[in-house]
Amino acid sequence: MDEPMTLAEVLKRSYEQLSPAEKRVSRALLADYPVAGLEPVNRLAERANVSAPTVLRLLSKLDIGSYPDMQKLLHGEIAARTSSPATMYARSTTAASSNGVVERSQQVMNQGLDATFSGLAIEDFEAIVALLSNAKRRVWTTGGRFSILLAKYLSMHLRHLRPNINHVEMSQQDRAFALLDIGPKDVVFAFDYRRYQESTVAFVRQAKAQKASTVLITDPWLSPAARHSDYLLTNAVVAASPFDSMTPGFALVETLIASLVDALGTDPVERVRRYDDVEELLHDKNIDGIAAVDE
């Protein structure tokens, strides 16, 4: 069964069909998600600089019955965004009894990929590709416990295509050293998924304070780092196991790389050739007449 869309996903998908005032409400909700939607309707209206009836018209357009109905949805999302493998274990083992693991996994992965690409924020996606295309801007990638793999995967590909790529590991020391150098011309690219890591959120927050351009890839419930991000993409994390799937995240990263290759055209070809030459040199088995010994 497909997982229902979060309010954030609904807002992003419907954004282009909203009136200017409704767009302000949408931006206000996403800027401090989900906290902004848990406040009284008048407070949200003040955030968006609109009237309370405008907020209610937006909800009607999104087929959400009332403001309390929206808040009920958000409370359900809060429970989902704090789910741990332990709390999800019973759900996954119950599903296991109805279908074989291979068939169930294929279905779930296809659902996750479909949800990720059908809900892709194209405007932000294209802006991110433009940022990555500018080789004069240093890029810093980082992530959390598992999502650090996505950050490293992205940085490894970027290094083939352009210079000035830095991967930042999770340690406090590595992030502190990175923040010493991050400035207004830099791009900080972070990954953060439930259960969100405050250290990653703090890193993005400080990078934003230092006027770097900030990019976040997160889950449908939105990491708290979203409020400090200039550009935001989300991907589904539904999985056949109790552990969130990283497959849609990897697919999104690979799509960014493919789009970057298209944007750069033949520019990186000489860099890739030079990389091959240097790698071959480093693997030379006979350097200055002395046989190299692999350790």
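Let's start at Leu44. Setting aside neighbours within four places in sequence, Leu44 is in contact with Val25, Ala28, Leu29, Ala36, Glu39, Val55 and Tyr67. Keep in mind that this is a predicted model.

Now the setting around Leu44. Leu44 belongs to the largest nonpolar core, which has 31 residues. Which residues touch the most other members of that core? They are Leu7, Val25 and Leu44. Several elements give two or more residues to this core: helix H1 (7-14), H2, H4, helix H5 (52-61), helix H6 (67-81) and helix H12 (198-209).

Next, look at one of the partners of Leu44, namely Leu29. Leu29 sits in helix H2, residues 20-31. Is Leu29 buried or exposed? The relative accessible area of Leu29 is 2%, and buried means under 20%, so Leu29 is buried. Leu29 and Leu44 are 15 residues apart along the chain. Their C-alpha atoms are separated by 7.7 Å. What else does Leu29 contact, beyond its neighbours within four places? Leu11, Ala36 and Gly37, along with Leu44.

On to charges. Side chains of opposite charge can pair when their charged atoms come close. How many salt bridges does the structure hold? It holds 11.

Take Asp32. Asp32 forms a salt bridge with Arg47, and the closest N and O atoms are 3.2 Å apart. Asp32 lies in the loop between H2 and helix H3 (35-38), while Arg47 lies in helix H4, residues 41-48, so this pair ties together parts that are 15 residues apart in sequence. Asp32 is buried, at 14% relative accessible area. Arg47 is partly exposed, at 30%.

Asp32 has a second salt bridge to show you. Here the partner is Arg227, again with the closest N and O atoms 3.2 Å apart. This pair links distant parts of the chain, 195 residues apart. Asp32 is in the loop between H2 and H3, and Arg227 is in the loop between strand E4 (213-218) and strand E5 (231-234). Arg227 is partly exposed, with 39% relative accessibility.

Compare that with Glu46 and Arg43. Their side chains meet in a salt bridge at 3.7 Å, N to O. Where do the two residues lie? Both are in helix H4, three residues apart, which is about one turn of the helix. Glu46 counts as exposed, at 56% relative accessibility. Arg43 counts as partly exposed, at 36%.

Now put the charged residues together. Asp32, Glu39, Arg43, Glu46, Arg47 and Arg227 are linked in a network of salt bridges. Glu39 is also on the contact list of Leu44.

Finally, step back to the protein chain as a whole. The chain has 14 helices and seven strands. Of its 295 residues, 44% are buried. Take contacts between residues at least 6 apart in sequence: 69% of them join residues at least 24 apart. The accessible surface is about 15700 Å², and 56% of that belongs to carbon and sulfur atoms.

That's the tour. Over to you for questions.

Note on methods:
Residues are numbered from 1 along each chain as its sequence is written. This is a predicted model: local features need pLDDT of at least 70, side-chain atom pairs count only at pLDDT 80 or more; totals for chains, interfaces and linings use all residues. Side-chain values use heavy atoms; hydrogens and water are left out. Helices (H or I, at least four residues) and strands (E, at least two) are DSSP runs, numbered from the N terminus. Buried means under 20% relative accessible area, exposed over 50%, partly exposed in between (1.4 Å probe, protein chains only). Contact means heavy atoms within 4.5 Å. Accessible areas come from the Shrake-Rupley method with a 1.4 Å probe; for residues, only the protein chains shown count as cover. A salt bridge is a side-chain nitrogen of Lys or Arg within 4 Å of a carboxyl oxygen of Asp or Glu. A nonpolar core is a set of buried Ala, Val, Leu, Ile, Met, Phe, Trp, Tyr and Cys residues joined through side-chain atoms within 4.5 Å.
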